[in-house]
Amino acid sequence: MSDPLDLRQIEKKAFRTTWEDGLLDINFGGIVASFALLAILPAEDTFRFLRYVLFTVCAVGSMLIYQLGKKYITQPRIGQVTFGAMRKRRKAVLGVVLGGIVGLQVLIVLFSVLLMNNPGLAGQLGLPNAGQDFERLLVAVIGTLFVGPSLTLMAYFSDWSRGYYIAVLMSVAVFLLIWFDNYWFLMAAAALIIIPGVVLFIRFLRKYPLPPAEVPHGG
Amino acid sequence: MVDENTPADVSFLNEIDRLVHEPSRLMLMAVLYVVESADFTFLMNQTGMTWGNLSAHMSKLEEAGYLEVEKTFKGRRPYTLLRLTQEGREAFQNYRNKMRQVLDELPE
């Protein structure tokens, strides 16, 4: 049956407009960067205070950029919209699915801890002997499983296409971080998330200029 | 078997709601159909219409009872929120069904 109006596409396009500002990328990248900073900065007494200050400033700052940016920069430019029941349903489904994934992850972690503390059990299950490398690999894989599927699902249910890129980036970063025990991988991922976010933000400002003051929001 | 010389019955085209059929209004109604409500700025961005155009179409749809317009103030500037009424939603759905039927019945 032919349908001259693809309402799904119209809704998707309208919804995606709300992500065009790149603020979510900047917010997400900022939070990742704040955790990386916390881990990278020296933990000695003289730096401890500085570490926490920097972490707090970076994390709170990126959240403020998101909240205030949406309110004072994005909304006046693209306007305000409330999406319909379909979007709310997707949000609810995302909540349930993510809840399920977190539950599964908790089970995997508990099972891994059990295996690490019982090498005999690992042998009975036919798993290789839990050497140091194996343990690290296991933790790296679990870490990746924590991040990858959750972010992918978030991207899918939120129609946030850049979320897939972030999911892949974060999965690789978490794996490398644990495998090489180097937090600079996390910092690199944060930079690779923030930079496109800033580019998108600049593009957004150019694409959607503020309506002139004399033009009312409506007749 | 359909005789190729017999003109197709297109009388049902008269039943198409002309108020919805106009491209700008159709675009406006399509956007409002998929959301709960939207303000003027959002609709201008989504439809590419100018403020004057949108205002004119908004008035026509409001007069027909297809659109509910809520006018308030945000700071010192007027703020207009639009949403389709139940009647508007039904009119849009009927239009859609009718157009689907028209397009499906067109000969290849």
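A: Start with a term: a salt bridge is a side-chain nitrogen of Lys or Arg within 4 Å of a carboxyl oxygen of Asp or Glu. By that rule, one salt bridge crosses the interface of chain A and chain B. Lys88(A) makes a salt bridge with Glu36(B), and their closest N and O atoms are 2.7 Å apart.

The model is predicted: local features need pLDDT of at least 70, side-chain atom pairs count only at pLDDT 80 or more, and totals for chains, interfaces and linings use all residues. Residues are numbered from 1 along each chain as its sequence is written, chains are lettered from A in the order in which they are written, and side-chain values use heavy atoms, with hydrogens and water left out.

Now the extent. The buried area is about 2800 Å², with 56% from carbon and sulfur atoms. That area is the accessible area (1.4 Å probe) that the two parts lose on being put together, summed over both.

Next, the strands. β1(A) and β1 of chain B (residues 35–39) run antiparallel, joined by three bridges. Strands are DSSP E runs of at least two residues, numbered from the N terminus; two of them pair if DSSP finds at least two bridges between them. Phe83(A) stands opposite Val35(B) in β1(B).

Definitions and conventions: Helices (H or I, at least four residues) and strands (E, at least two) are DSSP runs, numbered from the N terminus.
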